[in-house]
Amino acid sequence: MAKRVYEVWKGSNKFILGGRLIFGPDAKSLLVTLLLIIAPVVIFCVFVAWHLRHEFSSHNAGYAILVVAIVFTIYVLVLLFLTSARDPGIIPRNAHPPEEEFRYDPSVSIDVGGRQVAANAGGRQTPSLQFPRTKEVIVNGLPVRVKYCDTCMLYRPPRCSHCSICNNCVERFDHHCPWVGQCIGQCNYRYFFLFVSSATLLCIYVFSLSALYIKILMDDYHGTVWKAMKESPASVILMAYCFISLWFVGGLTGFHLYLIGTNQTTYENFRYRADNRINVYNRGCLNNFLEVFCTELKPSRNNFRAFVEEELQRPPPLPTAREIEPDELGGDPRSKVEDDLDIGEDLLKISQRRNIEEIDEDIRSRGSNGPPHNTSEVDSALGSDHRAPTIRSDARHSSWGRRSGSWEIAPEVVGNTNVTEGWEGNAIDQKLAIMSRVLNVFPSGVKHI
């Protein structure tokens with residue numbers, strides 16, 4: 001059964017609902033973030049907003065405080081969900097390295113049998129299969145250097161970086177946020193900023209109304225602030241919690257306002273701020289804000305629910321090194337000749353068994369023109385089971401090599417044929433005919449084995 005893309009995904013992401021939602025590998029930290037948001041709001045609604053509904057001349061204003069707190073909290077949670085459960089801008093990996101970027105290096109050598117042999121031996125150039133680690137592209141009329149990613153086998157686009165936690169190349173990579181359990185990139189940066197800024201406003205809202213409730217209690221009981229705090233300890237806890245939280249989410253909001261105004265990412269700011277580089281992406285403060293909030297978000301480059309297409313096996317684009325011939329390594333070719341002779345001997349035996357009847361008929365037709373006793377002697381030499389004479393091929397008795405198509409038959413090979421010494425005239429011709437017939441079954445093609 002064909003699998004879907006999310007089932008064979010090579011990154012460290014986690015998928016739910018059949019690949020419809022994608023999270024980072026640390027998605028469990030999202031539960032902590034939810035608790036830090038929902039728990040204070042519940043305390044606020046029960047111990048503060050519910051008592052404030054009667055403290056205003058208009059009852060609708062009192063209930064509005066409660067409704068606003070609930071709706072605004074839901075809005076913050078939706079932004080958190082959009083930030084952490086969507087593709088941040090992952091660039092799909094390549095199945096093969098980019099072939100057009102191969103660089104030829106004739107000086108590359110390979111190790112064969114403990115000896116360094118040049119890969120370009122014989123005057124033929126061999127590619128080293130190395131890639132230039134960087135190359136330059138033009139952005140807004142200025143050159144920008146991009147790097148090659150060995151994991152994803154691609155040249156990263158400008159402002160792209162490989163996240164070591166998610167194990168993906170992310171477009172316009174900002175940072176990996178453990179609080180949302182996801183990378184922050186081109187496709188979810190807008191939602192991330194809105195989440196952080198909205199959380200800041202929610203903290204300010206809860207802090208302000210909790211302080212207001214303390215003030216109302218002081219006026220009602222005509223007491224000091226300590227008496228009011230004893231009447232509503234929940235308000236004091238909420239004020240302290242929101243004050244501490246504002247240092248984090250408020251400071252993060254201000255920092256990202258600066259990054260948006262100068263068109264930087266968190267990664268670029270921390271990595272390149274000491275280099276005093278020219279920011280080629282800065283288009284002015286107003287245009288930078290419009291680029292983040294008013295441009296259409298690019299769709300994801302990945303369809304995680306699509307079925308994986310089986311990739312056809314294809315030969316490697318370029319060999320790492322060509323096959324080294326034995327002659328170039330200075331080896332003795334005699335072992336190769338002996339192997340070829342052994343194979344040739346086996347093939348000769350097979351051919352003899354297949355063509356024995358044809359050889360027998362040829363011998364009988366030749367023997368009919370000579371003396372009768374010679375024909376009977378040949379028949380006895382062949383035997384009742386029609387076995388062909390055995391011819392042994394040995395490297396010690398043969399001058400046949402890789403570059404020679406001749407075969408010299410040793411005297412003992414000829415002597416092994418079971419033919420009587422009484423042959424004369426036509427009998428000798430018959431013997432040679434047998435030998436020629438067997439050897440001609442394999443013309444010059446034997447030497448190519």
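Predicted model: local features only at pLDDT ≥ 70, side-chain atom pairs only at ≥ 80, totals over all residues.
User: Hi! How do β7 and β8 pair, and over how many bridges?

Analyst: β7 and β8 pair in the antiparallel sense, over six bridges. Two strands count as paired if DSSP finds at least two bridges between them. Strands (E, at least two residues) and helices (H or I, at least four residues) are DSSP runs, numbered from the N terminus.

User: Thanks. Back to the strands: which residue is the bridge partner of Lys 135 in β8?

Analyst: Lys 135 has Val 146 as its bridge partner there. Thr 134, for its part, stands opposite Lys 147 in β8.

User: And what sits between β7 and β8?

Analyst: Two residues lie between them, and the two strands form a hairpin. Asn 140, in the turn, has a positive phi of about 50°.

User: In what order do the strands of that open sheet run?

Analyst: The order is β7-β8-β9, three strands with antiparallel pairing. β7 (134-139) and β9 (154-155) stand at the edges with a single partner strand each, so one side of each has no neighbour in the sheet.

User: How many bridges join β8 and β9?

Analyst: Two bridges, again in the antiparallel sense. Tyr 148 has Tyr 155 of β9 as its bridge partner, and Cys 149 is bridged to Leu 154 in β9.

User: Which residue takes a positive phi in the hairpin of β8 and β9?

Analyst: That's Met 153, with phi near 55°. There are four residues between the strands of this hairpin, and Met 153 is found in the loop between β8 and β9. Its positive phi comes in a residue other than glycine.

User: What about Asn 263: where is it, and what's its phi?

Analyst: Asn 263 lies in the loop between α5 and α6. Its phi is near 55°, another positive value in a residue other than glycine.

User: Is Asn 263 buried or exposed?

Analyst: Asn 263 counts as buried because its relative accessibility is 2%. The cut-offs are under 20% relative accessible area for buried, over 50% for exposed, and partly exposed in between (1.4 Å probe, protein chains only).

User: New topic: where is Tyr 63 found?

Analyst: Tyr 63 is in helix α2, residues 59-84. Tyr 63 counts as partly exposed because its relative accessibility is 40%. Tyr 63 and Ala 49 are 14 residues apart in sequence, and their C-alpha atoms are 8.0 Å apart.

User: Now pockets! What volume does the largest pocket have?

Analyst: About 860 Å³. On a 1 Å grid over the protein atoms alone, a pocket is an open set of points where a 1.4 Å probe fits, with protein on both sides within 12 Å along at least five of seven lines; lining residues have an atom within 4 Å of a point. Points are joined across faces, edges and corners, and the volume is the space filled by probe spheres set on them.

User: Which residues lie nearest the centre of the largest pocket?

Analyst: Val 144, Glu 268, Tyr 272, Arg 277 and Tyr 281 do, out of 27 lining residues. β8 (142-149) and α6 (266-272) each supply at least two residues of that lining. By class, the lining divides into 12 nonpolar, six polar and nine charged residues. Here Ala, Val, Leu, Ile, Met, Phe, Trp, Tyr, Cys and Pro count as nonpolar, Asp, Glu, Lys and Arg as charged, and the others, Gly among them, as polar.

User: How does the lining of the second largest pocket divide by class?

Analyst: It has 23 nonpolar, five polar and no charged residues. This pocket has a volume of about 720 Å³, and Leu 36, Trp 179, Ser 245, Phe 248 and Val 249 lie nearest its centre.

User: Which helix gives the most to that lining?

Analyst: α5, with nine residues.

User: Last one: how many helices and strands does the chain have?

Analyst: The chain has 12 helices and 13 strands. Buried residues make up 36% of its 449 residues.

Notes
Residues numbered from 1 in each chain as written. Heavy atoms only, no water.
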